[in-house]
Amino acid sequence: MYLNNVLVSGLLPLLATLIHASPLSEENLVKRALPEVECAKVTKVISVLKSNKATSFCSSYLGIKTSTSTITKVQTSTITSAVGTPSTTVVFLPGNPPASKERRGEAALDEARIEQRDNKPDYLKDVGSPVISSACKCLNLPTPVSTTTKVSVQTTIITVRPTVTKTVYPCATPVPGEGANKVQTVPYGLAYPYPSSVPGTSNQRFDLSTKGGTLEGCCNICYFDIPNCLQAFYYSYQGCVVQQPTEIVGTGPGVSSVCPNGQIAGLTYNRDTNPPFRSTGNIAGPCGQTYNNL
C-alpha cells in the first residue's frame, strides 16, 4: 500500500490536468499519454498490464470511444420476374427413378460467447484506480476505428415467361399399363399429326431376338437409342417397330442426342385409347412438344 500512496500523491496534480483531455481522435493520443518521467513511476503496473494483454481493458477503463467511419458501396441486382402461362419442358431419363431418401436435418447450434468484464481484473485488485489510470495512459493506446459499409442497391427487373421442368422415367421397370383396359401414362401416346397427315416417315423393326424383344427394350430404343423417334409399337408376337421421320422440322428447344434438331414442330401426343391387337399401345417419342394427359 506504500507504493500506491506514493503514486497517488505524485499523480493527482497530473490527473487534474488530464481530466479534460478528449480520447475521441488520434490527434488526442499525445494528450492522453503521460510523460516518460511519470510513466517511470508505474513501470511495474505497466508490465502487469502488458503481460495480461490489457489493451481492451485499458481502452474501456479510460473511456476511449471508437471512432466510426462510413463507406458507401453501390451494388447492382437483377431480378427475373416470371409472367404469363408457364411452358412445360419434359426431360426423359433412362432407368428407374431414384429411391426416395429421408433427409435428416441437423439443427444448427448457436453458441454465444459472453464476455464478462470486471471494472478491475484480479491481477489489479490491489492497485489503486489512479495508478491503473496512469499505467493505462502510458500504453499509448490508439483510438479504435470501426468502419461501417453502407450498401446502395440498384435493381433491374427482367420479365420472362415461366417454365416448368418435368422429369419422367418412361421406360422404368415395369413399364406401366397394357392395352386399352389399363391406365395409359407415359410412355404410351398416340402421335398427332404424325404419321397420318404428314408424309415422310420410315419404319424400322427390331425382332424378338434383339433388344426390341421386350416392352422395356422397345421403349428404350425409341427414347434413348435412335434419333427422332416419332413413336414405337411393341407387339408380343413380332417385337418392336420404330417410326422415324424422313423430313423433320425442329424448333430448337430440347436438343439432345436423340433429338438432334430439338423438338419436332407441331408434334403432340394424346392417349392411345385403341391400341392394335396384341399391342401394349403406341409408345410416344421423346421429341414431341406436348404430352396431353399422359
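Me: Before we start, what counts as a nonpolar core here?
Reply: Take the buried Ala, Val, Leu, Ile, Met, Phe, Trp, Tyr and Cys residues, and join them through side-chain atoms. Since this is a predicted model, side-chain atom pairs count only at pLDDT 80 or more. The joining distance is within 4.5 Å.

Me: Okay, so which residues touch the most other members of the largest nonpolar core?
Reply: That core has 30 residues. In general, nonpolar side chains in soluble globular proteins tend to be buried together. Here the ones touching the most other members are Tyr223, Ala232, Val242 and Ile283.

Me: And which element gives the largest share of this core?
Reply: Two or more residues come from each of α7, β7 (231–235), β8 (239–245) and β10 (279–284). The largest share is 6 residues, and it belongs to α7.

Me: How are the rings of Phe57 and Tyr61 arranged: stacked, edge-to-face or tilted?
Reply: A search of the whole structure turns up 6 aromatic pairs. For Phe57 and Tyr61, the ring centres are 5.2 Å apart and the planes sit at 40°. Stacked needs under 30 degrees and edge-to-face over 60, so this pair is tilted.

Me: Is Tyr61 buried or partly exposed?
Reply: Phe57 and Tyr61 are 4 residues apart in helix α5 (residues 55–61), so about one helical turn separates them. Phe57 has a relative accessible area of 15%, which makes it buried, because the cut-off is under 20%. Tyr61 comes in at 27%, so Tyr61 is partly exposed.

Me: What about the largest pocket: which element gives the most to its lining?
Reply: The pocket has a volume of about 270 Å³. β2 (87–92) and α7 (215–225) are the elements that give two or more residues to the lining. With 5 residues, the one giving the most is β2.

Me: How many charged residues does that lining have?
Reply: The pocket is lined by 20 residues, with Val90, Phe92, Gly254, Ser256 and Pro286 nearest its centre. By class, 12 are nonpolar and 8 polar. The number of charged residues: none.

Definitions and conventions: Residues numbered from 1 in each chain as written. Predicted model: local features only at pLDDT ≥ 70, side-chain atom pairs only at ≥ 80, totals over all residues. Heavy atoms only, no water. 1 Å grid on protein atoms, 1.4 Å probe; cavity = no way out; pocket = protein on both sides within 12 Å on 5 of 7 lines; lining within 4 Å. Points joined across faces, edges and corners; volume = space filled by probe spheres on them. Nonpolar A, V, L, I, M, F, W, Y, C, P; charged D, E, K, R; others polar. Phe/Tyr/Trp six-rings, centres within 6.5 Å; stacked < 30°, edge-to-face > 60°. Buried < 20%, exposed > 50% of the residue type's maximum accessible area, 1.4 Å probe, protein only.
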